[in-house]
Structures are given as structure tokens and as C-alpha cells.
Amino acid sequence: MEDDSNAEPEPVEEPPRREPGQPEPKVERERRARRRLAQGDIIRKHKRLLIGLAAALLALLCVFGSYRFFFSSKAAPQPSYQSLVRGEKYIQAAQVYPEKRSNIEAVVVTDGTTAQLAKFQAKYPSANGKFDLAYAQQKYLVVITASQEAAMTRVRKSKLAVAYIKTKQYEQAEILNQDLNDQDLQSLIAIGYIQTGKFDQAKQINAELKNKTIDQAIQTGETYQKAVEHYQSIANDKTKSAAERAQAKASAASFQHQLETLGE
């Protein structure tokens, strides 16, 4: 018996070659038609999937475009310093123009309100702001303390002199006014001396001012002072009745008040 492994394989018959111009065999046409039908079935089967993928891609493009439009557009132009200050947007101006905060604070002092100045000082505290806010709030002792660190311009020196006058520190106000040489301040200092019974100092100031109103205030003040001393002596006189002493004490207090508020 012969070994089958040595047998030669049978040759595979190739389909006969079609000569140019020769009609395609029917079998070949049918095979090609079957392939086209199979491909059409595959496309139809995955048509919905392909449409879904296309829609998802389109949606992603829309989202990306919207993001670019809303979030990647050019930044709005920066508002000008003048427009912010004129619009009383002081804090925003200080934020956009930090190098101008000192100037902005000065604008708030002259053109703004005390409330606006307080908000500005809370947001952007400074020695100048502390002084100016204390003066606006009539916290004169704080004004005097803040003057040790603030930039003491002529305006602030005048305010400091007023603070000294309001706290009855007339000598300090007079020393400061030697630099300012302000006659209005000098008049206020003279009135302050009168209110505290220091008539000689008031007369010395008015010798330069030659102010008739202050001269009249000095005379009235001296009259009130004499009345105070007179009624105080009665109130302290133990030989007087209790009623007389009480009445005299009340009169002394009344004239003392008139003296302390003279010229206001």
C-alpha cells in the first residue's frame, strides 16, 4: 500500500479568464450582487449608530464654540480713572488704579460723604485716611493722635488746630497757627481763651487782630466771670440760708455755662 503523504495535491482550478469584450458570466454577476447587498445590509444596520455619533460630534462642536464665545472673548476695556471717580466708584477705582489710592482718598474727603470715606478707609486703610475720617466724625482726640503719622499738609494742620481748640488745648493751637498764620483760627483761639477765663491771652491775640467782635466777647466774658465768682462766694457762705446758697449755686452754674459757650 502506498503512503498518501507522498501524493501530490490536486491542482485548484482557477476560474477561466475573461477576455476583453467578453460578457461577464452570470455566476460572477450574481456573486458581485450578493456582495453589494451584504455591504448595504451592514450600512443599514449601523445607520442609527452613525447618525448618533455624528449628532454627538456636532453637539460637542457647538458646546466648544459657545465656550469660546462666552469665556474666551476679549476682555472688556478697563474703565478710565476719571469715569470711576466721577461716578463715585471710589473702591473700584482704588482696585483698578492702586497707584492712585492716595489721590482717591483725597477726592473722597473733598467730594464724598463721611460714610463713603469710612468704607474706603476700611477697605484701604492709611494714616491719612485715619486722620481725615476721625476729623469728619468729629473724633478730635483721635485726630490729634493720627497727626503723628499722617502727611500733615496745610489743610490737615488747620484741622489739627481745630481739634486742639475743640479739646480746649488752646496753647497748642496757637503754636500751630504761628506756622499757618490763619486769622480765622486765631479768632477761634481767642474765643477759646475767653471761654476758659484766660482773658489776658485773648487780649494779646486781639491786639493784633483788632477784631471788634472779639473785643466785645472779652468784655462780656469778664462780666460772666465776675458773676460766677460772685455767686460762688454766696454759695460757699455758710452764714447764708440753704435756700440762698442753693439759688446762688444755680446762678453760678448758669453764668459759667454762658461763659463756656460764649461766641458759639
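Predicted model: local features only at pLDDT ≥ 70, side-chain atom pairs only at ≥ 80, totals over all residues.
1. Next, the chain as a whole. It has 264 residues, and buried residues make up 27% of them. The accessible surface comes to about 19,500 Å², with 54% of it belonging to carbon and sulfur atoms. Among contacts between residues at least 6 apart in sequence, 34% join residues at least 24 apart.

2. Now find Tyr 90, which belongs to helix α4 (residues 90-96). Is Tyr 90 buried or exposed? Its relative accessible area is 5%, and buried means under 20%, so Tyr 90 counts as buried. Which residues is Tyr 90 in contact with, leaving aside its neighbours within four places in sequence? They are Val 85, Ile 104, Val 107, Val 108, Asp 111, Gly 112, Gln 116 and Phe 120. Take Phe 120 from that list: Tyr 90 and Phe 120 are 30 residues apart in sequence, and their C-alpha atoms are 7.3 Å apart in space.

3. On to the aromatic rings. A pair of such rings is described by the distance of the centres and the angle of the planes. The count here comes to 6 aromatic pairs. One of them joins Tyr 81 and Tyr 97, with 5.9 Å centre to centre and 85° between the planes, which makes the pair edge-to-face. Tyr 81 lies in helix α3 (residues 81-86) and Tyr 97 in the loop between α4 and α5 (101-111), so this pair ties together parts that are 16 residues apart in sequence. Both partners are buried: Tyr 81 has a relative accessible area of 16%, and Tyr 97 has 13%.

4. Tyr 224 and Phe 255 form another aromatic pair, this one tilted, at 6.1 Å centre to centre and 40° between the planes. Because Tyr 224 lies in helix α13 (residues 212-235) and Phe 255 in helix α14 (residues 242-260), the pair ties together parts that are 31 residues apart in sequence. Phe 255 is partly exposed, with a relative accessible area of 28%.

5. What sits over the ring of Tyr 81? The charged end of Lys 100 does, 5.0 Å from the ring's centre.

Definitions and conventions:
Residues numbered from 1 in each chain as written. Heavy atoms only, no water. Buried < 20%, exposed > 50% of the residue type's maximum accessible area, 1.4 Å probe, protein only. Contact = heavy atoms within 4.5 Å. Areas by Shrake-Rupley, 256 points an atom, 1.4 Å probe, with all protein chains shown as cover. Helix = DSSP H or I, 4+ residues; strand = E, 2+ residues; numbered from the N terminus. Phe/Tyr/Trp six-rings, centres within 6.5 Å; stacked < 30°, edge-to-face > 60°. Lys NZ or Arg CZ within 6 Å of the ring centre and 35° of its normal.
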